[in-house]
Amino acid sequence: MGKPAVDYALYLVTDSSAAILGDRSLSHAVEASLKGGVTIVQLREKTADTAHLTSVARQLHGITRRYNVPLLINDRVDVALAVGCEGVHIGQDDMPLSTARQLLGPDAVIGVTVSTVDEALRACAGGADYLGIGTVYATPTKTNTKEIIGTAGVRHILAAIAAAGYDTTPTVCIGGLNGSNLQRVLFQSAAPAKALDGAAVVSAVMAAPDPEAAARDLVGLVRNPPAFQLDMDMGKGKGKGKGAAAADVSSVLAQVPAVVRSVHDATPLSHNMTNLVVQNFAANVALCMGASPIMANYGAEAADLCKLGGALVVNMGTVTAEGLANYLTALRAYNHAGRPVVFDPVGAGATSIRRAAVKTILSSAYLDVIKGNEGEIKTVFGDDGGGEQQHQQRGVDSTSTLDAPQKARLVRDLAAREKNVVVMTGATDFVSDGARTFAVDNGCEYLGVVTGTGCTLGTAISAAVASRPADRLVAVIAAVLHFEIAAELAAERPEVRGPGTFVPAFLDELFRIRQATARGDLAWLARAN
Ligand code: 3NM
């Protein structure tokens, strides 16, 4: 017979509790999910007695066999033996892997739940056929989970097992996965040397009104790359903050005029969901740079706006419950359309509501760019439910200041974790895509005393990434330089005597830099620092 070849793309774990299955029949739900394309099934009934469990297992095995899909039993080697199904799935507190293997033989499929690198390495060394890595996100389906590890935790485990030579051991992740986060989780979890083979779900299929349709949607999401992953150049440079190789700096700088110019030429839409204080200023900044701003806080409008070739800025400066729901609707629309989004987690650490909002946004949407000040970026970094670098943030409160190398490391680590571009603003700004990290020393002190300058930088970035989504790092650096050099030039004007006179001069200089660049006059860029 030999071990069956298993496709791990969409792994269904059953749950016949009233909260999940309601009064529907387990076998109907499982058969419907198989019709929809589920590729492997695990019968998981934590409370059923042995006689009942064996009978359910036998019935389900009759069904799964017709679809040529393996059936595994959670924890119960005896039941797997009794019904002759393909194998078992064991948790860390269940029977040891070696004992299960002895009892079931070499051809049985045996999977192991892991939530740490140690557990994963032990399971691989012990001959597990696959790993179930979790818990990715907190889920009402299983409340006694040991650890919520986030996508960063999954990625850490994948990197470690690949480094130990287990790069061919299949892996799925589990916990809180559904149609709205699945592609992003698979994308963000992938380590350079190893990606997940699939995803395991309970409620997304078992609790769905139509499990067949739900399974069909999910399997489609697993098998296709997300729209935001397409055409994305993460960059392969090796820049490291101020020590970035000169070639990296000069090659990025060489591309800046093209970005400024493409905003001027393409007039991309900058869709702002932003706070009341900065709407007018942000719209003026977008216009001066050549973009077309729209201030649209109603999330449902994003379904149309995301098709116009622009980018979205979500600035949670005046977050409300309704506002958060609107952000999520809009973020999903832009993610689905593959259009860039910029997240500005204003005051992220200020209140528990804001911390929760950051967590919800991070676990619900892919964010092409995250821009914030030091405190905000620290909060975002510490708020994904764990991960390999989280310990670095513990004990650092939001008022303490990091030194330059620490800031560079933080933006790099966050960008690597989120697979995006992170900008930390300050006297020196740090920008990283996880591989290349740059420091920008431009700007002027007036930026710190005029309301909304940080927020409008988010708008400026949205205009640039809208016109240059394939290299977001270059786009972000171009926006930062355009913005901050305009501020420097404005501050030097004779008529500027303080923050009040600075603002109109700043808008003028944003506009003049854009016009000069369109003419081919790049003198302003000589100030890049
Ligand atoms: N195991 P849902 S989380 C069965 O972390 C199970 O090992 C987990 O349910 C683990 O897809 C989980 O409804 C429940 O979130 C997953």
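## The ligand and its surroundings

In this predicted model, the side chain of T135 has an N or O atom 2.4 Å from an oxygen atom of the ligand. That is a polar contact, meaning a pair of N or O atoms within 3.5 Å; within protein, one atom must be able to donate a hydrogen and the other to accept it, and residues adjacent in sequence count only if both atoms are side-chain atoms.

How many residues surround the ligand? There are 13, and the closest are T135, T139, T141, G176 and S203.

## Helix α7

Helix α7 covers residues 150-163, and its 14 residues reach 20 Å from the first C-alpha to the last, close to the 20 Å expected at 1.5 Å a residue. The expected span is 1.5 Å times one less than the number of residues. Helices here are DSSP runs of H or I with at least four residues, strands are runs of E with at least two, and both are numbered from the N terminus.

Ten of the 14 residues of α7 are buried, so the helix is largely enclosed by the rest of the structure. Buried means under 20% relative accessible area, exposed over 50%, and partly exposed in between, with a 1.4 Å probe and protein chains only. One of them is R155, which counts as buried at 10% relative accessibility. A polar atom of the R155 side chain lies 3.1 Å from the backbone oxygen of A416. After α7 comes G165, with a positive phi near 90°.

## Strands β2 and β3

In strand β3 (residues 71-74), L71 and I73 point one way, L72 and N74 point the other way, and all are buried. Strand β2 (residues 40-43) pairs with β3 in the parallel sense over three bridges; pairing needs at least two bridges found by DSSP. Q42 stands opposite L72 in β3.

## Reading the model

Residues are numbered from 1 along each chain as its sequence is written, and side-chain values use heavy atoms, leaving out hydrogens and water. Because the model is predicted, local features need pLDDT of at least 70 and side-chain atom pairs count only at pLDDT 80 or more, while totals for chains, interfaces and linings use all residues.

Terms used:
A residue is near a molecule or strand if one of its heavy atoms lies within 4 Å of it.
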